[in-house]
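Subject: Handing over the structure

Hello,

I am passing this structure on to you, as promised. Please open it first, and then read the notes below alongside it.

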Amino acid sequence: MPVFSVPSARGEATTDSDIDLLIVPEAAVDADLTAEAVDDLVVAIRQWTGNNAHIVERRPDELAEMITADDPLVASWRADHIDLVGVRLLHLLRDVRRAS
């Protein structure tokens, strides 16, 4: 499951900043399992860092809709992200756009 840091990648984060993540589970992954994993991750981040976590979870079809709608959030992610786990965000967005 790809995970990306957004938008704190701009270098504006402080020790009190929320940790913002984008998670893109595959379409076949059970939504309840994903929600449980996200909830666990929010708790773990708080325990590890003392910071709150804001996690956005979008499936590939939802990303495709956002790209088609020219959602400004996608532009923000393109400009300000750090690839943490899995495929690179720019490659994922390109592949999702091509598949739609």
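Predicted model: local features only at pLDDT ≥ 70, side-chain atom pairs only at ≥ 80, totals over all residues.

Let us begin with aspartate 30, which is partly exposed because its relative accessible area is 45%, a value between the 20% and 50% cut-offs. Aspartate 30 lies in the loop that joins strand S2 (19-23) to helix H1 (31-49).

The mean pLDDT of the protein chain is 88, and 94% of the residues reach at least 70. Among the elements of the chain, H2 has the highest mean pLDDT, at 94. The lowest mean belongs to strand S1 (residues 3-5), at 79.

There is also a nonpolar patch on the surface, formed by Ile82, Leu84 and Val85. Together these residues have about 260 Å² of accessible area. Leucine 84 sits in strand S4 (residues 82-85). With a relative accessible area of 48%, leucine 84 is partly exposed.

Next come the salt bridges. How many does the structure hold? There are three salt bridges. Side chains of opposite charge can pair when their charged atoms come close. Here are the pairs, one by one:

- Aspartate 95 and arginine 94 form a salt bridge in which the closest N and O atoms are 3.1 Å apart. Aspartate 95 is partly exposed, at 38% relative accessible area, and arginine 94 is partly exposed as well, at 29%.
- Arginine 59 and glutamate 57 are joined through their side chains, with 3.5 Å from N to O. Arginine 59 is buried, since its relative accessible area is 11%, which is under 20%. Glutamate 57, by contrast, counts as partly exposed, at 26%.
- Arginine 88 and aspartate 83 meet in a salt bridge with an N to O distance of 3.8 Å. Aspartate 83 is partly exposed, with a relative accessible area of 29%.

Aspartate 70 deserves a look of its own. Its phi is near 55°, which is a positive value in a residue other than glycine. Most residues other than glycine have a negative phi. You will find aspartate 70 in the loop between helix H2 (60-68) and helix H3 (72-79). Is aspartate 70 buried or exposed? Aspartate 70 is exposed, because its relative accessible area of 65% is over 50%.

Leucine 22 belongs to strand S2. At a relative accessible area of 0%, leucine 22 is buried. In sequence, leucine 22 and arginine 58 are 36 residues apart, yet their C-alpha atoms are 7.5 Å apart in space.

Valine 43 is part of helix H1, and its relative accessible area of 46% makes it partly exposed. Ten residues along the chain separate valine 43 from alanine 53, and the distance between their C-alpha atoms is 8.2 Å.

Threonine 15 is in the loop between S1 and S2. Threonine 15 counts as exposed, with 69% relative accessibility. Between threonine 15 and isoleucine 55 there are 18 Å, C-alpha to C-alpha, and the two are 40 residues apart along the chain.

Best wishes, and enjoy the structure!

Notes
Residues numbered from 1 in each chain as written. Heavy atoms only, no water. Helix = DSSP H or I, 4+ residues; strand = E, 2+ residues; numbered from the N terminus. Buried < 20%, exposed > 50% of the residue type's maximum accessible area, 1.4 Å probe, protein only. pLDDT = per-residue confidence, 0-100. Salt bridge = Lys/Arg side-chain N within 4 Å of Asp/Glu carboxyl O. Patch = residues over 30% accessible without salt bridge, like charges linked within 9 Å, V, L, I, M, F, W, Y side chains within 5 Å. Areas by Shrake-Rupley, 256 points an atom, 1.4 Å probe, with all protein chains shown as cover.
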